[in-house]
Amino acid sequence: MLLLPNRKQETFVSLCVCIGEKAREEVKLRDMMTEKETATEKIISGLVKIMQCNIVLYLNPICTVRLMDIPVERKHCSFKLHAIEDRNAMANPSPAKSTGDPGITPLSPSHTQQNDTDQVPTGPSYVVVVAIDFGTTSSGYAYAFTKEPECIHTMRRWEGGDPGVSNQKTPTTILLTPDRKFHSFGYAARDFYHDLDPSESKQWLYLEKFKMKLHTTANLSIDTDLHAANGRRVKALDIFAYALAFFKEQALKELGDQTYGTFDNNDVRWVITVPAIWKMPAKQFMREAAYKSGLVSRENPEQLIIALEPEAASIYCRKLRLHQMVDLSSQNTQNGISPTENVGSGMTQGDRYVVVDCGGGTVDLTVHQIRLPEGHLKELYKASGGPYGSIRIDYEFEKLLCKIFGQDFIDQFKIKRPAAWVDLMIAFESRKRAAAPDRTNPLNINLPFSFIDYYKKFRGHSVEHALRKSNVDFVKWSSQGMLRMNPDAMNSLFKPTIDHIIQHLTELFDKPEVSDIKFLFLVGGFAESPLLQQAVQNMLQGRSRIIIPHDVGLTILKGAVLFGLDPSIIKVRRSPLTYGVGVLNRFVEGKHPPEKLLVKDGTRWCTDVFDIFISADQSVALGEMVKRSYTPAKPSQQVIVIHVYCSEKESVGFISEHGVKKCGTLRLDVSGTESTALRREIQTLMQFGDTEIRAMAVDVSTGRTVKASIDFLSH
């Protein structure tokens, strides 16, 4: 570091020089300075003489120059000069108005990164970690006491269930009374709803498979609605809060029974799982639901951790022992691992593996590399996937029913006989799980009596007549009141969904970052499908070992408990999007487009510049911070509100570019931190290396903490 003469130099200048690839040396500028030359002029003239170095120079208002090495991307010398407002201009409102944003200029853009050895703050200690796997089709919880981290308890066996369907978890179904009060969840909700008189059931609000709404809603907010089976609308936040409150009550009751007393919620660290491909609004929505449910309080947000489903599965899969898994890649089930060893013991430094989480709503893919000796994980490629879960097969079945019986009838039947529709889909679920590549005998699906009866009233002829006239040869009518589907017909319902998954896997394995994959872990309820397993085997052709845990439906749940016990196990993640804010920069002729020019009080500004915090697919270490400093427009200003933008593109120049979206708001509450300083500098730190984006801020002149938050829902 070089301290320049302390003159009244009021301009903040950043100079970047990129020259030959081999240039890696530090430049000493002390002798370049004379009292008669301004710092900026002399630095520029001095740089002309230096043709073998890469340097970045910062001259800030207190005349400090920082020298640092930067990566070289060009072989020819190029200069970049960015001048940002002087001190007096900083105190005035910025003039950018073209996008409705208050114009802002960062005072000190930089990144800080914690070393692997740094301790990430863990907050208060907890007696137990409880993880809630809030799934699209089924949900449940598991827990482990912090003194016995290796002993993971799954929730008590649920009452109810379906023939041929495992009930390790309970269906994600919820029932509200006609006056919108919570009644029941899971099997209890479904069975009570089923037993209601048809005329009475129309008044009750029954919801299932509603989790996907958080992924598919473009402008998710706390006011987003869901539709119950009877067509009535209800606030999504209320439904998710009711569900989390139910799990809180069940888990605390079980913990109390375990410890022979009442268990204090403050002793619990809660973990909620979400798909890795969920955007930030959906993650924040789950946190808001947790606050509303009383799971945790806003005053203690660290008590809740949001876990990414494939990450949780990854953590658990590394601990699998031979008797806990099926290796599809080899007839020799030992495959180099003894019964007493786990998968992780067969991994060496740098080994790479893919986790494919096939759930009810989404399929999530993540790529990890193991780092020994601690066994920490590094994400090699940003999480990817899509809405290719098993419920798409249900939609294909519904389309088949529409083809046979008519879209108008199916729509009416779902509204007029909602409980019978639920019965029909339960019957289909059980047969769906029996689909296999080598199956030869037909699959029979029971039609509820009310379906047969209502169809005759609606159409004036029988279900059997509809099947004969439909030209759907592979579905026949059984006199026992069942639809008889031949195996090819059932397999055809799977094909569009499995094709999407295989296409995505193929594209993923073609990425340079996804080479030399040792294991592919297939997890999630849909992973039990023999049709999906065979398709993945055919795609990989032996390139990687395919591992399926025996308790495949509980993999994420158990992994989420392990993650709650040690949230720092994932050391490096990849940012799914590019995040930043819109700022003003001095207009540079030839660099900035003329239409972005704004002249204010004689100063030429470039508006709408995208100041990038983090780029898409950029590696972000746990604890890594992006630092920005902002200043209030007026000394009396109480709140600074800055819009946050995102894009799927790695390189973005302006917030007005195609594909850039306003995705959130950074709010700095500077009330109560008044200072006598001429210019108040609010230093903001944003953390991108965790499963959620966090913000914190400090008033530099007073050292006081400033309330900082990023809101992705109320934009």
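Predicted model: local features only at pLDDT ≥ 70, side-chain atom pairs only at ≥ 80, totals over all residues.
1. Helix α3 spans residues 187-195. Its buried residues are Tyr 187, Ala 189, Arg 190 and Tyr 193. Viewed along the axis of α3, these residues fall within an arc of 165°, so they line one face of the helix.

2. What do the buried residues of α3 pack against? Strand partners are β11 (170-171), β12 (173-176), β13 (182-185) and β14 (205-208). Helix partners are α4 (198-201) and α11 (418-432).

3. Strand β29 covers residues 578-586 and is mostly covered. Of its nine residues, eight are buried.

4. β29 pairs with β34 (residues 639-647) in the antiparallel sense, over four bridges. Thr 578 has Ser 647 of β34 as its bridge partner. β29 also pairs with β31 (residues 603-614), again antiparallel, over seven bridges. There, Val 581 stands opposite Asp 611 of β31.

5. An open sheet of three strands runs in the order β23-β25-β24, with antiparallel pairing. Its edge strands are β23 (443-446) and β24 (475-478), each pairing on one side only. Neighbouring strands are turned by 30° against each other on average, direction ignored.

6. Within that sheet, β23 and β25 (residues 482-485) share four antiparallel bridges. Asn 444 has Arg 484 in β25 as its bridge partner. Which strands does helix α14 touch? α14 (residues 487-509) packs on the sheet and touches β23 and β25. The direction of α14 makes about 85° with that of β25.

Notes
Residues numbered from 1 in each chain as written. Heavy atoms only, no water. Buried < 20%, exposed > 50% of the residue type's maximum accessible area, 1.4 Å probe, protein only. Helix = DSSP H or I, 4+ residues; strand = E, 2+ residues; numbered from the N terminus. Arc of directions from axis to C-beta. Contact = heavy atoms within 4.5 Å. Pairing = 2+ DSSP bridges. Axes fitted to C-alpha atoms, helices over the stretch in contact; angles between N-to-C directions.
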